[in-house]
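Please walk me through this structure. I would like to know how the chains meet and which side-chain pairs stand out.

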2 protein chains.
Amino acid sequence: MEKIVEQTLLYDFYGELLTEHQRRIYEDVVLNDYSLSEVAEDLEISRQGVHDNVKRCGKILQDYEDKLHLVEKFVSIKEKIHRIRELTGHCEAMSKQELVTEVEHISQEILEEL
Amino acid sequence: MEKIVEQTLLYDFYGELLTEHQRRIYEDVVLNDYSLSEVAEDLEISRQGVHDNVKRCGKILQDYEDKLHLVEKFVSIKEKIHRIRELTGHCEAMSKQELVTEVEHISQEILEEL
């Protein structure tokens with residue numbers, strides 16, 4: 001997965017577990033792509049302070065994922081829903097019964113992950 | 001939702017964020033339904049200590065859910081997957097196109113939650 005996509009997902013899932021201060025810094029630097037210097041000036045802290053904070057937040061978010069694996073689960077479910085939609089979007093050559101069998105198979109896989 | 005189902009779900013999702021000691025107590029009392037006295041004796045702590053621990057764990061798990069809403073999200077997705085399976089399991093009276101439309105509608109709803 002691309003690093004920015006992964007960082008965004010981790011933040012979407014676990015961002016609420018950071019402090020407001022941490023969220024602000026992480027959003028500005030990682031999601032909104034401001035430079036460390038810009039954020040440092042804006043928050044009146046050192047550039048190094050911003051850098052350390054972003055690094056610490058990244059580690060906190062990754063630690064939650066390493067324990068809970070919810071982003072991983074979510075990505076896997078999303079991929080399977082897209083497979084169902086691939087089927088329904090391109091089923092001209094399939095019979096209704098074939099479609100039913102395929103959708104049931106994938107939806108069963110999803111239930112096993114939930 | 002039934003309380004035990006809710007407690008089990010919260011524990012499934014966030015249990016890894018408890019300490020090993022907390023997990024042991026919570027599992028024994030809430031999931032395996034041992035009495036406070038049994039667990040107290042087993043772990044050589046007071047009955048009150050077991051009680052307080054279970055209560056504290058319940059609050060920790062609920063606090064995570066209040067912030068992250070991931071159990072809520074996954075329950076909602078699970079319910080929609082079951083709706084898809086209801087459709088595929090009882091689609092004798094539907095045309096293939098009707099089935100496709102319904103499955104696409106529900107799967108779109110799921111993607112919007114993911």
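**Where the chains meet**

The model is predicted, so a salt bridge here is a matter of distance: a side-chain nitrogen of Lys or Arg within 4 Å of a carboxyl oxygen of Asp or Glu. Polar contacts do occur. The rule finds 12 residue pairs in polar contact across the interface of chain A and chain B, both residues at pLDDT 80 or more.

Which helices of chain A build its side of the contact? At least two residues each come from α1 (3-14), α4 (47-68), α5 (70-89) and α6 (96-113) of chain A. Of these, α5(A) gives the most, with 11 residues. Sorted by class, the side of chain A that touches chain B has 18 nonpolar, six polar and eight charged residues.

Now take the contact as a whole. Chain A puts in 32 residues and chain B puts in 31 residues. The size of an interface is often given as the accessible area lost when the parts come together. Here, chain A and chain B bury about 3,000 Å² between them. Carbon and sulfur atoms carry 75% of that area. On the chain A side, A:R85, A:K96 and A:L114 lose the most area to chain B. Together they make up 20% of what that side buries.

**Inside the chains**

In one of them, the side chains of A:R24 and A:D42 meet at 3.0 Å, N to O. A:R24 sits in helix α2 (residues 20-31) of chain A, and A:D42 in helix α3 (residues 36-43) of chain A. The pair links distant parts of the chain, 18 residues apart.

Over all chains, the count is nine aromatic pairs. Among them is the stacked pair of B:Y11 and B:Y26, 5.3 Å centre to centre with 20° between the planes. B:Y11 lies in helix α1 (residues 3-14) of chain B and B:Y26 in helix α2 (residues 20-31) of chain B, so this pair ties together parts that are 15 residues apart in sequence.

Technical notes
Residues are numbered from 1 along each chain as its sequence is written. Chains are lettered from A and ligands numbered from 1 in the order in which they are written. This is a predicted model: local features need pLDDT of at least 70, side-chain atom pairs count only at pLDDT 80 or more; totals for chains, interfaces and linings use all residues. Side-chain values use heavy atoms; hydrogens and water are left out. Contact means heavy atoms within 4.5 Å. Buried area is the accessible area (1.4 Å probe) that two parts lose on being put together, summed over both. A polar contact is a pair of N or O atoms within 3.5 Å; within protein, one must be able to donate a hydrogen and the other to accept it, and residues adjacent in sequence count only if both atoms are side-chain atoms. Helices (H or I, at least four residues) and strands (E, at least two) are DSSP runs, numbered from the N terminus. Ala, Val, Leu, Ile, Met, Phe, Trp, Tyr, Cys and Pro count as nonpolar, Asp, Glu, Lys and Arg as charged, and the others, Gly among them, as polar. Rings of Phe, Tyr and Trp (its six-membered ring) pair if their centres lie within 6.5 Å; planes under 30 degrees apart count as stacked, over 60 as edge-to-face and the rest as tilted.
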